[in-house]
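Okay everyone, thanks for coming.

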Amino acid sequence: MLLFRRLLDERGVKNPDDFLPLYRRTAATLGAGTAEPAPKTIEGWIYEGRKPQRAFRPVIETMLGRTVELLWTEVSEGVDRRVGPSSPAFLHADGVDLNDMKRTGAMAVQRAKEFLLGKDQGTVGADTLGLLDEEVERLVIAYPREPLNLIWEDLLATQDQVFRLLEGGRVRPSQLRDLNYKGAALSFLVAKGFNDMGSRH
């Protein structure tokens, strides 16, 4: 079975009628100019294993979080559903595990974010708000598509960063509404995460 079909099955997507709403929501996040496939085209992808044309690939890749090349590889029951034979998780560079490289790199990225968020001592700067805009948008888009354990730490860290800025007294009145909105959106996702984990209180 193709990884593409496996991931759709896991989301309960069995036919073009199930596929199109998900495709449209994803296309809307990418902006204007995205092509919409006909039901017959979608049937070819799902049932016949045909690869999509280039016009449709950005939406499919964003929707499922993998490249088309990876999505159109065969997977078996024993294969991790998040990776495939051509995934970097299977590769090593000069004896260094790329997963370790990604982990240590993520730590460096987090440290850089903390530096940026802490450097505006007088007031919160445009760079800080721009960084938070991108991070909140990424988390909102990722939440319904990625396993919760992959974004949970980023979600909690970003919520903490927003609250620290609000509590620090360095926010201009014009920034207050935007930061409160971000805090509310992130708090909703945290609450939803606990609900999804069975901790409804």
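Before anything else, one term: a residue is buried under 20% relative accessible area, exposed over 50%, and partly exposed in between, using a 1.4 Å probe and protein chains only. This is a predicted model, so to speak of local features we need pLDDT of at least 70, and side-chain atom pairs count only at pLDDT 80 or more, while totals for chains, interfaces and linings use all residues. Residues are numbered from 1 along each chain as its sequence is written, and side-chain values use heavy atoms, with hydrogens and water left out.

So, the overall picture. The protein has 201 residues, and 35% of them count as buried. You'll find nine helices and two strands, where helices are DSSP runs of H or I with at least four residues, strands are E runs of at least two, and numbering goes from the N terminus. Walking along the sequence, the order reads α-α-α-α-α-β-β-α-α-α-α.

Now look at helix α2, residues 16-30, and helix α4, residues 57-64. They pack at about 100°, with axes 9 Å apart; the axes are lines fitted to C-alpha atoms over the stretch in contact, and angles run from 0 to 180 degrees between N-to-C directions. That makes α2 roughly perpendicular to α4, a label for angles of 65 to 115 degrees. Who's touching whom? On α2 the contact includes F19, L22 and Y23, and on α4 it includes P58, V59 and I60, with contact meaning heavy atoms within 4.5 Å.

On to charges. How many salt bridges does the structure hold? There are twelve, each one a side-chain nitrogen of Lys or Arg within 4 Å of a carboxyl oxygen of Asp or Glu.

Take E36 and R24: their closest N and O atoms are 2.9 Å apart. E36 lies in the loop between α2 and α3 and R24 in helix α2, so this pair ties together parts that are twelve residues apart in sequence. E36 is partly exposed at 45% relative accessibility, and R24 is partly exposed too, at 44%.

Next, R50 bridges to E48, with the closest N and O atoms 3.6 Å apart. Here R50 is partly exposed at 43%, while E48 is exposed at 56%.

Last pair: R164 and D160, at 3.1 Å between the closest N and O atoms. Both sit in helix α8, residues 148-167, and being four residues apart they're separated by about one helical turn.

Notes. Parallel < 35°, antiparallel > 145°, perpendicular 65-115°, else oblique.
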